[in-house]
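Subject: Structure for you to look at

Dear colleague,

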Amino acid sequence: MTLIAPHPASQFDWEAAGRELGDKLDRLHAVAVLGSTDEFTAKVALGIARQQARKRRVAIGDLLGDAEPLHSLAPSDDHHGLADVFDYGVSLDKVARRVEGPDALFVLPTGAFIGDQAGIFVDRRWSRLAAGFRKEEALLIIAANVAAPDIEALVVQFDGAVIVGESAPARLPVARVLGVVRGPQRASRALRALLTPVRPQYVIRAAKRSLWKLGASLGVTTAAIIAALGLWLAYRPLATTAWAPAWLRGRGVRADSVGILQGADSLNAGGDTVLKMAPGMGLLTKLDSASISPYGIALVTFNTQAGALLELQRNGASLRAGTFTPVFIRETPWFRVVAGAYADSASAAALLDTLRARGTSDAGRALIEKFPYALLVQRDVPDTSVASRVSVYVARGLPVYALLQSDGTARVYAGAFKAPEEAAPLHDAMRRSGIRTSLVYRTGRVY
């Protein structure tokens, strides 16, 4: 019998793996390719680019540092690149180099010097670039190191990321991972045992436990819990029209349903009917004060909840942190749709540009305003559970969304308010359904 050890990573066809994955990315327009080895990362990005360049224009941005597989495609004495685009405002067209061949493939080199790599990744101009490629039905691919600081800030402005190798950014949302290219498969346990000399060792034997039975028991238990949760949600007050705020049922809001913002003590006094401000005015950690995200975009205002829900469902993919807020306009109840949660107005403007490019409803008349407050529904939600937690509330018609926090967890919010008093109707509705909320400042980053 002849035993063949698995091929090392250097013999694995990374570009072919990229081509295979690239065939599934037809509907995307901005993708990050992240890996710990520059050569392999560049080859996967090149494979995706060559596959897509058969159908449309593709540009590969090299933030690896002029990786050889990309640099060799279009060598030039011109040292300008992406660093100059972001540091000095050089046009993207001036640094793009066309690759010889029938396909419309371009390379965007790194540039002579990157002064602040993290500053480039967090730059909100990536959103505008992504919107431009989307408008032209083209594809932008950025190859970068998976361990680069603040690399997640780049990915959240794109359609997602392809991971090359075994490592992934610690704070990257799972929902943003488009695919993983791990490279050559490891040998099986039996093959590794034959290839590796066995050394004598002491063994402590324990009673065998059937993994199949354990897995089956766990699956049945999980299914039962999900079924019970579904029944509970179906028969909660929010599953019916009874969840609606008091003012939607023809009654006025109680005067004690919201406290005046004079301090935490006054807001916490009263009882369950009082809208409570979280400790520290909603700033629950020392890092929160640096991550307040008050800026958002006021889009369409509907006179029915159904209209606001339809808008969120129709444009949910592009409305980052989309929500709606019940408000009074001339003593008439309306539902204001708000998108985005950013620390500065420039970032909100980048999202607005994207929405206008996509033709989102009423984006042409949208306004960038401050919505510093929200209702905190849940905190410290693991990244792997964010999508399921949010979908449960959204399925019940609640304007819930999640923001990524600095510690890698998420907080689930409802609504976005200019002033604390605006939160009263939604707080009252959720309280009546058994959901306790606290009025807080919005903190974190959009997914």
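Among the contacts that join residues at least 6 apart in sequence, 72% are between residues at least 24 apart. Please keep in mind as you read that this is a predicted model. The chain has 447 residues, of which 47% count as buried, and its secondary structure consists of 15 helices and 17 strands.

The largest nonpolar core has 31 residues, and the members that touch the most others in it are I297, L299 and V337. Several elements give two or more residues to this core, including β9 (295-302), α12 (305-314), α13 (345-358) and β13 (373-381), while β11 gives the most, with 6 residues. If you select I297 and leave aside residues up to four places away in sequence, you will find that I297 touches V337, V338 and A339, and also, among others, L351, L355, I368 and F371. Apart from this core lies another one, of 30 residues, which includes V31, V99, L139 and V181.

Next come the aromatic rings, for which a search of the whole structure finds 7 pairs. One of them is formed by F86 and W126, a tilted pair with 4.5 Å from centre to centre and 35° between the planes. Because F86 lies in helix α4 (residues 82-88) and W126 in helix α7 (residues 125-135), this pair ties together parts that are 40 residues apart in sequence. Both F86 and W126 are buried. W126 also pairs with F158, this time edge-to-face, with 5.8 Å between the centres and 80° between the planes. Here, too, distant parts of the chain are linked, since F158 sits in the loop between α8 (151-155) and β6 (160-164), 32 residues from W126 in helix α7, and both W126 and F158 are buried. Elsewhere in the list of rings, F12, W14 and F40 are linked by ring pairs into a cluster.

Most residues other than glycine have a negative phi. Which value does phi take in E137? Phi of E137 is near 55°, which is positive in a residue other than glycine, and E137 is placed in the loop between α7 and β5 (139-145). With a relative accessibility of 51%, E137 counts as exposed. D380 likewise has a positive phi, of about 55°, although D380 is not a glycine, but the place of D380 is in strand β13. D380 counts as partly exposed because its relative accessible area is 42%.

With best wishes

Notes. Residues are numbered from 1 along each chain as its sequence is written. This is a predicted model: local features need pLDDT of at least 70, side-chain atom pairs count only at pLDDT 80 or more; totals for chains, interfaces and linings use all residues. Side-chain values use heavy atoms; hydrogens and water are left out. Rings of Phe, Tyr and Trp (its six-membered ring) pair if their centres lie within 6.5 Å; planes under 30 degrees apart count as stacked, over 60 as edge-to-face and the rest as tilted. Helices (H or I, at least four residues) and strands (E, at least two) are DSSP runs, numbered from the N terminus. Buried means under 20% relative accessible area, exposed over 50%, partly exposed in between (1.4 Å probe, protein chains only). A nonpolar core is a set of buried Ala, Val, Leu, Ile, Met, Phe, Trp, Tyr and Cys residues joined through side-chain atoms within 4.5 Å. Contact means heavy atoms within 4.5 Å.
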